[in-house]
Amino acid sequence: MKKHIALALLSRGPDRFGETIQVVDFVGNQTLQAKVVSHHFFDPEGHRQNG
């Protein structure tokens, strides 16, 4: 996939879906951009699980 997944607690999180924010990687000493998305990592409606 070559993509990163991160979990963060944001003020007004659900209202910010789609917003691009800056995050700091203290280990890699860099600032990155991230898109705020739903915290569901898979099929939140259950379509895959329930057919």
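This is a predicted model: local features need pLDDT of at least 70, side-chain atom pairs count only at pLDDT 80 or more; totals for chains, interfaces and linings use all residues.

Me: Which pattern does the protein chain follow along the sequence?

Reply: Helices (H or I, at least four residues) and strands (E, at least two) are DSSP runs, numbered from the N terminus. Here the order is β-β-α, with one helix and two strands. The radius of gyration (over C-alpha atoms) is 14 Å, well over the 10 Å that the globule rule (2.2 Å times the number of residues to the power 0.38) gives for 51 residues, so the chain is more spread out than a compact globule.

Me: How many bridges join strand E1 to E2?

Reply: Two strands pair if DSSP finds at least two bridges between them. E1 (residues 20–25) and E2 run antiparallel, joined by six bridges; Val 24, for one, has Thr 31 in E2 as its bridge partner. Four residues lie between the strands of this hairpin, and Asn 29 in the turn has a positive phi of about 55°.

Me: What is the count of buried residues in strand E2?

Reply: Buried means under 20% relative accessible area (1.4 Å probe, protein chains only). For E2 (residues 30–35) the count is zero among its six residues. Across the 51 residues of the protein chain, 12% count as buried.

Methods: Residues are numbered from 1 along each chain as its sequence is written. Side-chain values use heavy atoms; hydrogens and water are left out. Buried means under 20% relative accessible area, exposed over 50%, partly exposed in between (1.4 Å probe, protein chains only).
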